[in-house]
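Okay everyone, thanks for coming. Have a look at the screen and I'll walk you through a few spots I picked out.

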Amino acid sequence: MKAPAVLAPGILVLLFTLVQKSNGECKEALVKSEMNVNMKYQLPNFTAETPIQNVVLHKHHIYLGATNYIYVLNDKDLQKVAEYKTGPVLEHPDCFPCQDCSRKANLSGGAWKDNINMALLVDTYYDDQLISCGSVHRGTCQRHVLPLNNVADIQSEVYCMYSPQAEEPHQCPDCVVSALGTKVLLSEKDRFVTFFVGNTINSSYLPDHSLHSISVRRLKETQDGFKFLTDQSYIDVLPEFRDSYPIKYIHAFESNHFIYFLTVQRETLDAQTFHTRIIRFCSVDSGLHSYMEMPLECILTEKRRKRSTSEEVFNILQAAYVSKPGAHLAKQIGANLNDDILYGVFAQSKPDSAEPMNRSAVCAFPVKYVNEFFNKIVNKNNVRCLQHFYGPHHEHCFNRTLLRNSSGCEVRNDEYRTEFTTALQRVDLFMGQFNQVLLTSISTFIKGNLTIANLGTSEGRFMQVVVSRSGSLTPHVNFHLDSHPVSPEVIVEHPLNQNGYTLVVTGKKITKIPLNGLGCEHFQSCSQCLSAPPFVQCGWCHDKCVRLEECHNGTWTQEICLPTIYKVFPTSAPLEGGTTLTVCGWDFGFRKNNKLDSKKTKVLLGNESCTLTLSESTSNTLKCTVGPTMNERFNISIIVSNSRGTARYSTFSYVDPIITSISPSYGPKTGGTLLTLTGKYLNSGNSRHISIGGKTCTLKSVSDSILECYTPAQTTPTEFPVKLKIDLANREMNSFSYREDPIVYEIHPTKSFIRHVSIALIQR
């Protein structure tokens with residue numbers, strides 16, 4: 001299922017973040033003990049001819065909407081069972097949707113265009129049918145009737161969904177999607193199929209063009225197109241604002257009797273900064289009278305002194321997903337198990353831009369709290385009319401009392417669409433863990449009482465992590481899936497079953513990833529292994545993390561982690577002690593949560609205790625102070641222990657540093673002479689300080705037998721002893737003599753050929 005892979009630079013963001021947070025002394029041990037994020041897995045996948053935009057699942061078949069193609073795959077191993085070509089398409093201004101334009105191929109104004117899949121939906125009310133809307137033919141759609149005995153057949157019955165409007169030629173309810181970006185939500189309710197559509201439009205879509213910013217349309221009973229129920233079933237950004245005020249529709253969903261869209265747009269018509277908004281209106285409100293907007297903010301707070309906090313806003317939504325919470329998360333966020341939760345991955349944008357930076361956060365908004373926020377009785381200070389739809393001087397925006405009733409759906413015809421200016425805020429669930437990553441995708445599922453998030457990144461990395469507010473949990477799955485960003489379009493299927501999976505799109509590729517994890521071998525330390533969620537079923541066996549059935553040589557445990565020593569420094573200390581010993585390794589915590597058990601953790605040098613410095617010790621680094629001893633001892637065992645187990649490392653020695661000679665024995669009083677001390681064990685301990693006449697001799701190099709330093713300046717010629725201090729050990733050597741500085745009276749000769757010549761310095 002898996003094979004090792006070469007470490008790729010720049011993709012191990014989470015791991016490197018952890019390393020950077022360490023003190024740096026045990027980096028190598030920390031990297032070796034953390035999860036191996038280089039694993040390659042053999043997972044079911046399919047690669048299309050062109051980029052994939054949309055994916056839907058129906059009756060054990062996966063339908064992919066890609067540029068110029070629709071594919072059908074089986075859901076077991078993602079093998080292609082059918083395909084349908086949708087482009088390129090010859091477009092001509094005089095050619096209507098559904099017409100054969102081949103006769104206009106040689107006329108001016110015609111052009112072949114790729115057909116980008118903008119929406120892919122399955123409708124089961126009339127017939128089982130796949131509805132596909134593309135970037136060509138003015139954004140119209142096709143429906144592929146799916147035979148009951150062969151739902152993979154998308155070619156036999158294909159119908160264009162377009163009818164010219166004789167009475168209103170400029171209206172086109174069949175023109176559904178924008179090539180600039182769209183979100184389409186299909187709802188089957190009360191014997192009708194309704195499409196809720198959010199489109200990005202600019203000045204290239206003329207004011208009399210039939211594409212709308214927000215619209216509600218109903219599928220005709222004849223299924224050959226759509227119809228608007230009223231002349232207020234759509235709202236448009238005014239023509240003068242379409243280029244300066246773009247609206248990007250990120251996600252759409254339905255919850256109870258409301259329809260929601262999530263957008264990224266400028267904060268106001270005049271602002272340069274962007275933010276995220278949530279749009280809400282009632283699903284039965286065909287005139288959009290209940291339409292309201294409100295900013296959403298995902299924030300990271302940091303407590304500072306005197307109870308003050310700093311607040312960091314992640315302003316632009318990248319992807320969203322709506323599902324139920326697990327019991328643990330529900331309790332933490334004040335939700336019920338049946339409540340809809342809106343999960344969003346947000347990024348910080350570049351200044352005055354909607355372009356995201358590699359800085360992300362994850363927030364959860366219970367939809368019931370969103371509704372409570374919308375339904376509060378508000379005053380005119382934080383509600384205003386939607387100026388990009390009405391214009392600043394419209395009667396709705398001028399001298400009107402901006403109050404709405406709280407029901408949301410029981411609105412009068414003279415009530416108008418409004419926006420809240422107060423943002424609904426939630427705090428980053430992962431407390432800044434993804435502040436060096438651009439997250440591009442999210443979905444969630446429940447295992448037992450836990451809520452698990454599937455996260456994707458702009459670098460093609462896929463992660464699974466438990467969602468909790470009680471602590472910053474690290475992903476238990478983290479691997480590089482592809483070189484392309486992970487798409488926001490995801491499918492989660494059978495989350496409660498053992499064979500549950502998610503479908504993840506990266507560029508031209510779609511991959512099937514199991515929800516129960518990807519085995520255990522990527523956990524390299526016992527504590528990492530045992531910190532995996534219970535449903536992954538990992539345990540420690542001898543020296544590796546495996547599932548129970550894979551443990552053949554050793555005892556499989558999910559409870560106890562014995563320590564591992566990777567490196568110790570320094571490897572020797574002077575007899576006088578006082579040396580700080582650093583022990584690098586992993587699983588020093590001994591407990592399942594890998595937190596340091598300070599009462600039971602001990603470090604021994606042979607039989608002697610090394611006093612632990614708790615403030616500087618972690619589960620990967622132990623620091624202790626070495627005591628004194630009478631005699632030299634070599635290859636002493638360093639033992640890390642508690643009541644459950646021990647680790648042994650035999651490389652430590654007590655030594656007696658000595659200076660045998662110094663050279664030179666004199667130098668000028670201005671200092672700067674390179675002094676060499678020769679001896680034994682001169683590199684033992686943590687630190688060494690050489691002084692002459694109470695002044696520091698600046699160290700140049702250190703080895704076991706040689707120390708080099710630059711002599712300090714003295715005011716008068718005299719002799720001083722050379723003193724060496726290594727931790728608590730003090731050594732002294734013969735005197736170093738300072739002499740008067742040399743004086744140069746003459747240089748001879750004073751001139752020469754270009755070639756080399758010897759110069760004599762004459763001094764007295």
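Which residue lies over the face of F258? That would be R280, at 3.9 Å from the ring centre. Before I go on, please keep in mind that this is a predicted model.

Let's stay with F258 for a moment. F258 is buried, with a relative accessible area of 5%. It also has an aromatic partner, Y260, and the two ring centres are 6.2 Å apart. The planes of F258 and Y260 sit at 65 degrees, and since anything over 60 counts as edge-to-face, that's what we call this pair. Y260 is buried as well, at 0% relative accessibility. So around F258 we have R280 over the ring face and Y260 as an edge-to-face partner.

That pair is one of 22 aromatic pairs in the structure. If you want to see rings gathered into a group, look for F196, Y249, F261, F281, Y291 and F389, which form one aromatic cluster. And there's another arginine over a ring elsewhere: R739 lies over the face of Y666, at 3.6 Å from the ring centre.

Next up, the cysteines. How many disulfides does the count come to? The number is 11, and I'll show you three of them.

Start with C26 and C584, whose sulfurs are 2.0 Å apart in a disulfide. The torsion about that S-S bond is about -70 degrees, so the disulfide is left-handed. Buried or exposed, what are C26 and C584? C26 is buried, at 4% relative accessible area, and C584 is buried too, at 2%.

Now find C98 and C160, joined by a disulfide with an S to S distance of 1.6 Å. Here the torsion is about -75 degrees, so the bond is left-handed. C98 is in the loop between β8 (89-91) and β9 (111-113), C160 is in strand β13 (residues 158-161), and they are 62 residues apart. As for accessibility, C98 is partly exposed, with 39% relative accessible area. C160 is partly exposed as well, at 28%.

C610 belongs to strand β44 (residues 608-612) and C624 to strand β45 (residues 621-625), 14 residues apart. Both C610 and C624 are buried.

Last stop, D128. Where is D128? You'll find D128 in the loop between β10 (117-123) and β11 (129-134). D128 has a relative accessible area of 12%, and because under 20% counts as buried, D128 is buried. So what does the side chain of D128 make polar contacts with? One partner is the side chain of H58, at 3.3 Å, and another is the side chain of K59, at 2.7 Å. Leaving aside residues up to four places away in sequence, D128 touches H58, K59, D123, H144, V145, L146 and L148.

That's my tour, so over to you for questions.

Key: Residues are numbered from 1 along each chain as its sequence is written. This is a predicted model: local features need pLDDT of at least 70, side-chain atom pairs count only at pLDDT 80 or more; totals for chains, interfaces and linings use all residues. Side-chain values use heavy atoms; hydrogens and water are left out. Helices (H or I, at least four residues) and strands (E, at least two) are DSSP runs, numbered from the N terminus. Buried means under 20% relative accessible area, exposed over 50%, partly exposed in between (1.4 Å probe, protein chains only). A polar contact is a pair of N or O atoms within 3.5 Å; within protein, one must be able to donate a hydrogen and the other to accept it, and residues adjacent in sequence count only if both atoms are side-chain atoms. Contact means heavy atoms within 4.5 Å. Rings of Phe, Tyr and Trp (its six-membered ring) pair if their centres lie within 6.5 Å; planes under 30 degrees apart count as stacked, over 60 as edge-to-face and the rest as tilted. A charge sits over a ring if NZ of Lys or CZ of Arg is within 6 Å of the ring centre and within 35 degrees of the ring normal. A disulfide is a pair of cysteine sulfur atoms within 2.5 Å.
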